[in-house]
Amino acid sequence: PMLWRGDYSQFATTHMSTWTALALPNLGSQDSGNVFLATTRPGRGDLLFYGAQRSKVFVAPLHPASAADWHMLDIDNTVHPDLHGLFLSADFAASLQGGTYQSAAGTVWLLSDGGVNWSVDGGLHFNAAENIKTLSCVNFAGVALAGQGPAISFNTGDNDGFYSMDGGASWTYQ
């Protein structure tokens with residue numbers, strides 16, 4: 001696999017963009033699940049999360065220079081290996097300082113054929129969400145609601161859909 005970063009800063013005058021290949025983590029050999037990317041909000045760590053049809057998600061600075069810049073998440077191997085998506089809560093913040101990945105706030109949600117897992121330490125350790133069982137997720141969304149916990153919705157193709165109006169504490173069939 002390859003991951004590319006596009007630079008459109010000169011497009012208005014040259015009608016061209018510049019593309020640079022990013023350094024990738026050492027991915028391993030599994031080929032199952034989906035490819036997905038997520039980034040932290042500006043100023044909340046400036047991190048890139050990458051799932052590449054492998055059993056693990058990786059995190060790196062927005063501009064990784066080498067495979068060593070990437071850090072593997074789910075270090076306890078608790079999440080089912082067929083990954084399908086990652087969601088960062090609105091308050092999520094983490095950092096890479098001195099080669100160490102640290103979470104400062106928020107929740108990471110990781111979707112897989114085995115269900116939904118959540119982490120409050122930036123994804124180093126995950127817990128299975130309760131009262132929800134699923135296969136692969138097709139669509140996933142989170143919405144912040146004033147005065148309430150976040151609303152979370154996901155659909156699993158022909159396997160039904162689910163939503164939570166309290167940030168994932170409880171789930172209902174759609």
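Okay, let's start inside: the residues lining the largest cavity divide into six nonpolar, one polar and two charged. In that sorting, Ala, Val, Leu, Ile, Met, Phe, Trp, Tyr, Cys and Pro are nonpolar, Asp, Glu, Lys and Arg are charged, and the others, Gly among them, are polar. Before I go on, this is a predicted model: local features need pLDDT of at least 70, side-chain atom pairs count only at pLDDT 80 or more, and totals for chains, interfaces and linings use all residues. Residues are numbered from 1 along each chain as its sequence is written, and side-chain values use heavy atoms, with hydrogens and water left out.

Back to that cavity. Which residues line the largest cavity? They are Ser55, Lys56, Val57, Leu73, Asp74, Val79, Leu83, Leu110 and Phe126. The largest cavity holds about 40 Å³ of space, and the count is one cavity of 30 Å³ or more. The search runs on a 1 Å grid over the protein atoms alone: a cavity is a set of points where a 1.4 Å probe fits but cannot get out, a pocket is an open set with protein on both sides within 12 Å along at least five of seven lines, and lining residues have an atom within 4 Å of a point. Points are joined across faces, edges and corners, and a volume is the space filled by probe spheres set on them.

Now the largest pocket, with about 220 Å³ of space. Of the 14 residues that line it, the closest to its centre are Arg41, Phe87, Leu88, Ser89 and Ala90. By class, the pocket lining has nine nonpolar, four polar and one charged residues. Strands β3 (35-39), β7 (83-88) and β13 (139-143) each give at least two lining residues, and β7 has the largest share, with three.

Okay, zooming out. The protein chain has one helix and 16 strands; these are DSSP runs numbered from the N terminus, H or I of at least four residues for helices and E of at least two for strands. Its radius of gyration is 17 Å, close to the 16 Å from the globule rule for 174 residues, so the chain is as compact as a globular protein of that length. That radius is taken over C-alpha atoms, and the rule is 2.2 Å times the number of residues to the power 0.38. Along its principal axes, the C-alpha trace spans about 50 × 35 × 35 Å. Buried residues make up 39% of the 174, where buried means under 20% relative accessible area, exposed over 50%, and partly exposed in between, with a 1.4 Å probe and protein chains only.

Is Phe49 buried or exposed? Phe49 sits in strand β4 (residues 47-52) and, at 0% relative accessibility, counts as buried. Phe49 and Ser164 are 115 residues apart in sequence and 24 Å apart in space, C-alpha to C-alpha.

Val35 is in strand β3, and at 53% relative accessibility it counts as exposed. Leaving aside neighbours within four places in sequence, Val35 is in contact (heavy atoms within 4.5 Å) with Tyr50, Gly51, Ala52 and Gln53.

Last, Ser95 lies in strand β8 (residues 93-97), and it counts as buried at 19% relative accessibility.
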